[in-house]
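Q: Could you take me through the nonpolar core of this model, and the helix packing and ring pairs that go with it? I would like one connected account that I can follow with the structure open.

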Amino acid sequence: MVSDIIRWENKDMRKTKRYLMSALLLVLLTGCTSKEKPNTVPAPDTNTESVEVKEDIMTDFTELIKNGGTESELMEYMDKNISKATQDEADQMVLELGKVYKKNLPELEKQFMEANSNPALFDAFELDMKEEYADKISDPELKKFVKTAYKNGYTLLKEEGEVYPVINIAMLDKFTKYTSEPVESLLNLK
C-alpha cells in the first residue's frame with residue numbers, strides 16, 4: 001500500500017517536472033518580448049520592390065501559420081526567407097514559431113504518453129535517445145510518428161521508462177544572426 005503511494009507520487013512528480021520544464025521553455029520562447037515599438041522613424045525605402053517582398057514574406061508566413069503549417073514547414077520557410085526580413089520581422093517569425101510550439105506541445109505529449117505503451121519505442125531507444133535510432137523502430141506507424149517529432153524540432157527524453165518530447169531550442173540557433181539581442185538571448189538559453 002505505502003509502496004503504491006510512493007510509486008504514484010514519484011510518477012506524478014516526474015510528470016509535473018516534465019510539464020514545468022516544457023512550460024519554462026515555452027515561456028522563454030514567447031514571453032520575453034516587448035509590445036512597444038521604438039520611437040525611431042525609419043528612413044523611407046526608395047526600393048518599393050524590396051518593401052513588397054518583405055510584406056509578402058510576413059503575409060505568407062502568417063498565412064502558413066493560419067493554415068496549420070507544421071513546425072518543420074515554418075522552419076523551412078524561415079530558412080528560405082528570414083535573411084530577406086527586417087530584424088523586427090525576424091523576431092516576429094521566431095516568436096510566432098514559439099507560439100506554434102506552445103500550442104502543439106501538449107497534444108504531442110499526450111500522443112507520446114500513448115506511444116509509451118508500445119515496446120518498439122523502448123527497444124529502439126534502449127540507452128540513448130539519438131534521432132538516428134528512430135530507424136530501429138519496428139512499428140512503421142510509430143517510426144513515422146517519432147521521425148516527424150524530430151523533424152518538427154523536438155528532441156526526445158527518456159526518464160524512468162517514459163519517453164517525452166521537449167522543444168529542441170538548438171534547432172533555432174541558425175536564426176539568431178537575424179534577430180534582435182533580446183530574442184537572441186532567449187534562444188541562447190539552452
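A: Happy to. Of the chain's 190 residues, 36% count as buried, where buried means under 20% relative accessible area, exposed means over 50% and partly exposed lies in between (1.4 Å probe, protein chains only). Please keep in mind that this is a predicted model, in which local features need pLDDT of at least 70 and side-chain atom pairs count only at pLDDT 80 or more, while totals for chains, interfaces and linings use all residues. Residues are numbered from 1 along each chain as its sequence is written, and side-chain values use heavy atoms, with hydrogens and water left out.

The chain has seven helices and two strands, in the order α-α-α-α-α-α-β-β-α from the N terminus. Helices (H or I, at least four residues) and strands (E, at least two) are DSSP runs, numbered from the N terminus. Among contacts with a separation of 6 or more, 62% join residues 24 or more positions apart; a contact means heavy atoms within 4.5 Å.

Now to the core itself. The largest nonpolar core holds 42 residues, and Phe 125, Ile 137 and Val 146 have the most contacts inside it. Such a core is a set of buried Ala, Val, Leu, Ile, Met, Phe, Trp, Tyr and Cys residues joined through side-chain atoms within 4.5 Å. Two or more residues each come from α2 (48-66), α3 (71-81), α4 (87-115), α5 (119-124), α6 (140-151), β1 (154-159), β2 (162-167) and α7 (181-187). The most come from α4, which gives eleven residues. As general background, nonpolar side chains tend to be buried together in soluble globular proteins.

Leaving aside residues up to four places away in sequence, Phe 125 touches Lys 130, Tyr 133, Ala 134, Ile 137, Val 146, Tyr 150 and Lys 158. One of these neighbours, Tyr 133, has Lys 136 over its face, 4.5 Å from the ring centre. A charge sits over a ring if NZ of Lys or CZ of Arg is within 6 Å of the ring centre and within 35 degrees of the ring normal.

Next, follow α4 to its partner α6. The two helices pack at an angle of about 145°, with their axes 12 Å apart. Axes are lines fitted to C-alpha atoms, for helices over the stretch in contact, and angles run from 0 to 180 degrees between N-to-C directions. Leu 108, Gln 111, Phe 112 and Ala 115 of α4 meet Leu 142, Phe 145, Val 146 and Ala 149 of α6.

The structure holds three aromatic pairs. Rings of Phe, Tyr and Trp (its six-membered ring) pair if their centres lie within 6.5 Å; planes under 30 degrees apart count as stacked, over 60 as edge-to-face and the rest as tilted. Tyr 101 and Tyr 154 have ring centres 5.2 Å apart and planes at 85°, so this pair is edge-to-face. Another pair, Phe 112 with Phe 145, is tilted, at 4.6 Å centre to centre and 40° between the planes. Phe 112 lies in helix α4 and Phe 145 in helix α6, 33 residues apart, and both are buried.
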